[in-house]
Amino acid sequence: MRIGVDGSKIPHEADDSAIRILERAHGMGMEGVYFRSVMDVSPTLDRGLLSEVRDCADSLNLYLQMGLAKVNPYATAEAPNVRRLGDGDYTRGMIKMIEAAHEAAGVTDLWVACANYQRGMPGYYVFDRFRTDAPWADQLVAIEKFLRLLAPVARDHGVHMNIETHEEITSYEIVRLVEAVGPDVLGVTFDTANVVVRGEDPVAAARRVAPYTRATHLRDFVLGEQDGVFGRVFAPIGQGSIDWDAVLGILHAENPDLPLSIENAGPTLHLPIGLDDPEWIAMHPDLDQDEVASIRGMAAEYAERTERGEAPRISDLRAATYDGAHFIDVSAKSLRGALSRIGAAV
């Protein structure tokens with residue numbers, strides 16, 4: 001298992017090219033880069049440039065993964081660049097991205113997600129799951145229909161569209177989408193720190209998605225209250241509440257060549273988890289009480305660590321100066337340690 005980094009969040013200059021980002025990643029000791037979108041590499045899908053990026057990754061012995069965009073028709077207005085790419089047709093824009101990523105860059109694993117985080121919205125409305133104009137059940141139907149539109153193109157090119165366990169969707173729902181449309185064209189991008197926002201224990205979620213996981217976004221989290229609201233805050237891998245030996249052991253057993261991409265992120269966001277809120281609970285029909293108990297246990301354990309002075313309080317963690325390079329370095333060291341303990345090749 002090789003350890004890499006999310007290309008959109010690695011510390012870099014605004015005008016850095018994709019090749020420069022690959023070089024930065026290599027210089028940091030990373031073994032691969034996961035570009036969130038092929039359009040981050042080339043907004044115009046320049047085949048020559050995409051081929052150069054492939055050659056650069058190969059020369060540096062880096063794995064190379066890329067992404068597409070949102071696959072939720074209710075969210076396409078938030079990605080006008082994809083629609084413009086398709087000359088007014090969002091579907092055509094996505095197809096062009098699949099074709100360019102595979103044909104020019106040789107990428108066969110492509111990230112997709114179902115919604116954006118709605119920054120600045122109050123309470124649960126930061127998640128599209130709680131939209132009232134478009135009920136979540138309707139969004140899931142539309143997502144499946146859209147994925148079925150793209151499936152023949154993905155199948156023809158031998159690529160997988162890997163749905164991220166993003167904050168708005170559960171791992172149960174993603175597995176159902178993969179199995180409905182077909183695991184020959186769909187996979188999972190397992191974001192370890194997002195599943196807890198939907199009331200899921202990362203270890204249990206890993207068991208659900210591992211058979212289909214082809215890409216990762218890895219970061220840790222801590223849990224606790226801010227202003228009377230229970231929620232999640234990001235932390236570097238190994239400094240939070242995830243049992244990494246268990247998670248990596250599960251993933252390695254299913255796919256020993258799975259790329260492990262660190263997604264560094266600051267601790268400023270505190271996302272609400274309504275474990276005691278009937279409104280929130282009603283939106284989670286798959287909620288497992290054993291996993292809820294596990295989440296409460298993680299929160300209690302972290303509170304005990306802070307009381308003993310072994311970890312910062314959430315308010316202090318959120319107020320601390322964020323250092324992306326440090327986050328990546330600490331996380332990579334922790335991942336290597338966990339891989340060594342489970343006997344996985346690094």
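**Close-up 1. A cavity inside the predicted model.** The count comes to 1 cavity of 30 Å³ or more, in a model that is predicted rather than determined by experiment. Rolling a probe the size of a water molecule over the atoms shows where empty space is left. The largest cavity has a volume of about 60 Å³. Its lining is made of 13 residues, and those nearest the centre are T170, Y172, R198, D286 and L287. Sorted by class, this lining holds 7 charged, 3 polar and 3 nonpolar residues.

**Close-up 2. The largest pocket.** Here we turn to an open space, with a volume of about 600 Å³. Which residues are closest to the centre of the largest pocket? They are K9, R36, K70, N116 and H166, out of 30 residues that line the pocket. Several elements take part: α2 (38–41), β3 (63–70) and α4 (80–85) each bring at least two residues to the lining. Strand β3 gives the most, with 3 residues. The lining of the largest pocket divides into 12 nonpolar, 10 charged and 8 polar residues.

**Close-up 3. The second largest pocket.** This pocket has a volume of about 300 Å³. Of its 19 lining residues, A235, P236, Q239, P267 and L317 are the closest to the centre. At least two residues of the lining come from each of β9, α11 (289–307) and α13. In this lining 13 residues are nonpolar, 3 are polar and 3 are charged.

Close-up 4. The largest nonpolar core has 109 residues, and M66 and M94 are the ones with the most contacts inside it. Follow M94 to see some of its partners: leaving aside residues up to four places away in sequence, M94 touches L68, A69, K70, V71, V82, F146 and L150.

**Close-up 5. Helix α13 and what covers it.** Helix α13 runs over residues 324–341, 18 residues in all. From its first C-alpha to its last, α13 reaches 26 Å, close to the 26 Å expected at 1.5 Å a residue. Which residues of α13 are buried? They are G324, F327, I328, V330, S331, A332, L335, A338 and L339. An α-helix has 3.6 residues a turn, so residues three or four places apart point the same way. The cover over the buried residues of α13 includes β1 (3–6), β9 (229–235), α9 (244–254) and β10 (260–262).

Close-up 6. L339 is found in helix α13. Is L339 buried or exposed? L339 counts as buried because its relative accessible area is 0%, and the cut-off for buried is under 20%. The C-alpha atoms of L339 and D245 are separated by 7.3 Å, although these residues are 94 residues apart along the chain.

**Close-up 7. Two loop residues with positive phi.** Most residues other than glycine have a negative phi. N61 has a positive phi, near 60°, and is a residue other than glycine. N61 sits in the loop between α3 (47–59) and β3. With a relative accessible area of 57%, N61 is exposed. D87 is not a glycine either, yet its phi is positive at about 55°. Its place is in the loop between α4 and α5 (90–105). D87 counts as exposed because its relative accessibility is 69%, and exposed means over 50%.

Key
Residues numbered from 1 in each chain as written. Predicted model: local features only at pLDDT ≥ 70, side-chain atom pairs only at ≥ 80, totals over all residues. Heavy atoms only, no water. Core = buried A, V, L, I, M, F, W, Y, C linked by side-chain atoms within 4.5 Å. Buried < 20%, exposed > 50% of the residue type's maximum accessible area, 1.4 Å probe, protein only. Contact = heavy atoms within 4.5 Å. 1 Å grid on protein atoms, 1.4 Å probe; cavity = no way out; pocket = protein on both sides within 12 Å on 5 of 7 lines; lining within 4 Å. Points joined across faces, edges and corners; volume = space filled by probe spheres on them. Nonpolar A, V, L, I, M, F, W, Y, C, P; charged D, E, K, R; others polar. Helix = DSSP H or I, 4+ residues; strand = E, 2+ residues; numbered from the N terminus. Expected span 1.5 Å × (residues − 1).
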